[in-house]
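Subject: Structure for your review

Hello,

Here is the structure you will be working with. My notes on what turned up in it follow below.

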Amino acid sequence: MTDAVVNAEENAPGKKSKLPLVIGVVLAIAGGGGGFFAVSSGLLPFGKSAESEETHAAVEAPEGVDSGETAEDIAKLAFIEMEPIVISLRKASGIKHLRFSAQLEVDLIHQAEVEKVLPRVVDVLNSYLRALELEDLSDPMALPKLRAQMLRRINIATGQGRVRDLLIMEFVLN
């Protein structure tokens, strides 16, 4: 052969390996399967199966509260109305007032016990609300946080499990 033919055969590109393509396909399948598992098991909040919703509801329900309440269960509830509380909040530009009123959701069997300690509940809420500053109330997520803190304090004052929920009826700054 001539030198021109020999050089062309030596410089010809070799056959490319398909190993990167195979590894890419295997990793894509494994990633898709892992993502499906994470979503269907509830590890990621994007999709929920019926089974994971039931499990999630059972886990999130507070102690002593059935997440699948029936009309009969709701009929066994009582709501104890609290007197409105007016709190003075100090700010550099002057004094502002917070008007707060709420109702306590209790089971009928605990209604009398909670009504007996209602002055203690008002005292606990009054002390907590007076400790707040105006900046604490300016956050858009302030009300759910305050509600959770107040409910925790109410449960300490009344005894764990007696008050099911705190229903905020009025929360006005002026």
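I start with helix H2, which has 22 residues and reaches 32 Å from its first C-alpha to its last, close to the 32 Å expected at 1.5 Å a residue. Please keep in mind that this is a predicted model. After H2 comes glycine 42, whose phi is positive, near 90 degrees. Leucine 19 belongs to H2 (residues 19-40), and its relative accessible area of 53% puts leucine 19 in the exposed class, because exposed means over 50%. Leu19, Ile23 and Leu27 make a nonpolar surface patch of about 310 Å². As background, an α-helix has 3.6 residues a turn, so residues three or four places apart point the same way.

Overall layout

The chain has 8 helices and 4 strands, in the order α-α-α-α-β-β-β-α-α-α-α-β along the sequence. Of its 174 residues, 24% are buried. The accessible surface comes to about 12,300 Å², and carbon and sulfur atoms account for 58% of that. Among contacts between residues at least 6 apart in sequence, 65% join residues at least 24 apart.

Core

The largest nonpolar core has 27 residues, and Leu104, Leu125, Leu129 and Met150 have the most contacts inside it. At least two residues of this core come from each of strands S1 (77-81), S2 (85-91), S3 and S4 (163-173), and likewise from each of helices H6 (118-131), H7 (134-138) and H8 (142-158). Leaving aside residues up to four places away in sequence, leucine 125 touches Met82, Ile85, Phe100, Met150 and Ile154.

Strand S4

Leucine 167 lies in strand S4 and is partly exposed, with a relative accessible area of 25%. Its contacts, again not counting residues up to four places away in sequence, are Phe79, Ser101, Ala102, Gln103 and Glu105. Leucine 167 and phenylalanine 79 are 88 residues apart in sequence but 9.1 Å apart in space, C-alpha to C-alpha.

Salt bridges

The count of salt bridges is 6. In one of them, the side chains of aspartate 107 and arginine 164 meet at 3.1 Å, N to O. Aspartate 107 is in strand S3 and arginine 164 in strand S4, so this pair ties together parts 57 residues apart in sequence. Both aspartate 107 and arginine 164 are buried.

Another salt bridge pairs glutamate 113 with arginine 162 (2.5 Å, N to O). Since glutamate 113 sits in helix H5 and arginine 162 in the loop between H8 and S4, the pair ties together parts that are 49 residues apart in sequence. Glutamate 113 is partly exposed at 35% relative accessibility, as is arginine 162 at 27%.

Lysine 145 and aspartate 139 form a further salt bridge (3.4 Å, N to O). Lysine 145 is exposed, at 51% relative accessibility, whereas aspartate 139 is partly exposed, at 33%. Salt bridges that share partners also join Glu105, Asp107 and Arg164 into one network.

Histidine 110

Histidine 110 is placed in the loop between strand S3 (94-107) and helix H5 (111-116). Is histidine 110 buried or exposed? Its relative accessibility is 18%, so histidine 110 counts as buried, the limit being under 20%. Beyond residues up to four places away in sequence, histidine 110 touches Gly161 and Arg162.

Regards

Conventions
Residues numbered from 1 in each chain as written. Predicted model: local features only at pLDDT ≥ 70, side-chain atom pairs only at ≥ 80, totals over all residues. Heavy atoms only, no water. Buried < 20%, exposed > 50% of the residue type's maximum accessible area, 1.4 Å probe, protein only. Contact = heavy atoms within 4.5 Å. Core = buried A, V, L, I, M, F, W, Y, C linked by side-chain atoms within 4.5 Å. Patch = residues over 30% accessible without salt bridge, like charges linked within 9 Å, V, L, I, M, F, W, Y side chains within 5 Å. Areas by Shrake-Rupley, 256 points an atom, 1.4 Å probe, with all protein chains shown as cover. Salt bridge = Lys/Arg side-chain N within 4 Å of Asp/Glu carboxyl O. Expected span 1.5 Å × (residues − 1).
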